Amino acid sequence: MTVQPRTRARELDAADPLAPIRDLFALPEGVIYLDGNSLGALPRTVAERTRAVVEEQWGEGLIRSWNTHDWIDLPRRVGDRIAPLVGAPPGSVIVADSTSINLFKVLSIAVRLRPGRKVILTEEGNFPTDIYIAGGLAELLGNGVEVRAVPAMSLGQAVTEDVAVVLLTEVNYRTGYRHNMNLLTGIAHAAGALIVWDLAHSAGAVPVDLSGTDADFAVGCGYKFLNGGPGAPAFAYVAPRFHHGLRQPLSGWLGHEKPFAFDADYRPAPGIDALRVGSPPILSMSALDAALDVFDGVDMAAVKSKSDELWDLFVSQVDARARELTPITPSDPRLRGSQASFRHPEAYAVMQALIARGVIGDFREPDILRFGLTPLYLRYIDVWKAAKIIGQVIETRAWDRPEFKQRAKVV
Ligand SMILES: *Cc1c(COP(=O)(O)O)cnc(C)c1O
């Protein structure tokens, strides 16, 4: 006799070593949250930590807290907590600014390290901010520097002698396709180019080994799988071999060797601190710091393994109940991050109907339903239920109502 999927989900939950971590999150009743790849859920520690930072550190400590609570080095401390999640050594990750701004900084460094080469190579369909920021930098540099976007399939052959930097996002935001970081980093290096990895959909989602793959630079997002909260600060990684003499063009005072000497001349701080620009946002950075507690003692291999089992259960159930949805995320677990995406001609309306029923995922142009799988707070029974509701919405055409077709400002 075959086990019913619902029973199987219950069994998997009962045996799940990550199950206790769910209690570390404050999740609303009646919601199945499949959008932690866009905005991670709220870890319980964040509210208490934020209250303490506001009332005690700021309210009572006032300006003294820059020293007494070591606010000044928070970007390094939080960076050192993200570092093990992405396979980076201590002192190589800084938390600062947004992913977009960090991209500008590391791309500028990389292009300058390859003088004479004119091309920033990326892939078609990369996340728009990556392409826009690269384009903005190319325009600013002038002198023939250009962005070249090629299809993912031809990246291997596209790293020609004129390529200074390869800029790639490891996990594609639409499809969930995951590049082979080791292979592509090797190809870039063999051609004399440097590589920048955007880990927005990787950090906290899949095991990443920046050191082991010999990556040069990376950036990543604080508010997705790292659960740092809306607009949380992002991070940047620079391989230690580039730390000596490191400098970047957003030469703000807090990236200075001695900010409080108030010198007339800019001299970059040694190492990763040179990527700092202005005053760190202590409230949101403290929230991110507290949010990272949920990763304490968590093995990213276990997270990936649960993600894969969630994926199998979810996608097989959606497949069985909603044939109109076309899966587009690779079924080979090595080739995907932690999401399941499907095409449907009315994807926007379908997603709104799901959200109205408490199943929160998101829509991506032109016709993609995207569901993030976050093993730290999702149960197998949740994805089973979500698939059942998706089946109902498709079968009854519950999405076919004018109110579900009205586009909001943020999708
Ligand atoms: C979410 C995301 C970003 C976000 O950039 P911000 O500057 O933090 O808004 C950047 N790159 C990719 C690939 C993303 O998915």
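Analyst: Patches are made of residues with over 30% relative accessible area and no salt bridge, with like charges joined within 9 Å and nonpolar side chains (Val, Leu, Ile, Met, Phe, Trp, Tyr) within 5 Å. The model discussed here is predicted, so local features need pLDDT of at least 70 and side-chain atom pairs pLDDT 80 or more, whereas totals for chains, interfaces and linings use all residues. Residues are numbered from 1 along each chain as its sequence is written, and side-chain values use heavy atoms, without hydrogens and water.

User: What accessible area do the residues of the nonpolar patch on the surface have together?
Analyst: The patch is formed by Val 54, Trp 58, Leu 62, Ile 63 and Leu 283. Accessible areas are Shrake-Rupley values with a 1.4 Å probe, and for residues only the protein chains shown count as cover. Together, these five side chains account for about 490 Å².

User: Is Ile 63 buried or exposed?
Analyst: Ile 63, a member of the nonpolar patch, lies in the loop between helix H2 (44-60) and helix H3 (65-68). Helices (H or I, at least four residues) and strands (E, at least two) are DSSP runs numbered from the N terminus. Buried means under 20% relative accessible area, exposed over 50%, and partly exposed in between (1.4 Å probe, protein chains only). With a relative accessible area of 68%, Ile 63 is therefore exposed.

User: What is the distance from an oxygen atom of the ligand to a polar side-chain atom of Lys 224?
Analyst: The residues around the ligand (a heavy atom within 4 Å) include Ser 98, Phe 127, Asp 198, His 201, Tyr 223 and Lys 224. Polar contacts are pairs of N or O atoms within 3.5 Å; within protein, one must be able to donate a hydrogen and the other to accept it, and sequence neighbours count only through side-chain atoms on both sides. A ligand nitrogen is 2.8 Å from an N or O atom in the side chain of Asp 198, and a ligand oxygen is 3.2 Å from such an atom in Tyr 223. For Lys 224, the distance between its polar side-chain atom and a ligand oxygen is 2.6 Å.

User: How much of the area that the ligand exposes taken alone does the protein bury?
Analyst: The side chain of Lys 224 comes within 2.6 Å of a ligand oxygen atom. Taken alone, the ligand exposes 390 Å², and the share buried by the protein is 87%.

User: Which elements give two or more residues to the shell around the ligand?
Analyst: The shell includes Thr 99 and Ser 100, as well as Thr 129 and Asp 130. The elements that contribute two or more residues are helix H5 (99-112) and helix H6 (128-141).

User: Is Asp 216 buried or exposed?
Analyst: Asp 216 and Arg 241 meet through their side chains in a salt bridge (2.6 Å, N to O); such a bridge is a side-chain nitrogen of Lys or Arg within 4 Å of a carboxyl oxygen of Asp or Glu. The pair, 25 residues apart, links the loop between strand S8 (194-198) and strand S9 (217-220), where Asp 216 lies, to the loop between strand S10 (234-238) and helix H9 (282-291), where Arg 241 lies. Arg 241 is partly exposed at 44% relative accessibility. Asp 216, at 1%, counts as buried.

User: Which residues do salt bridges that share partners join into one network?
Analyst: Asp 362 and Arg 364 form a salt bridge of 3.8 Å, N to O. In this pair, Asp 362 is buried at 4% relative accessibility and Arg 364 is buried at 17%. The network joined through shared partners consists of Arg 49, Arg 81, Asp 289, Asp 293 and Asp 296.

User: Which side chain does a polar contact of 2.9 Å join to that of Glu 170?
Analyst: Glu 170 lies in the loop between strand S7 (163-169) and helix H8 (181-190). Glu 170 counts as buried because its relative accessible area is 2%. Its partner in the 2.9 Å polar contact is Arg 178.

User: What distance separates the C-alpha atoms of Arg 357 and Val 31?
Analyst: Arg 357 is placed in the loop between helix H11 (347-356) and strand S13 (359-360). At 40% relative accessibility, Arg 357 is partly exposed. Arg 357 and Val 31 are 326 residues apart along the chain, and their C-alpha atoms are separated by 8.2 Å.
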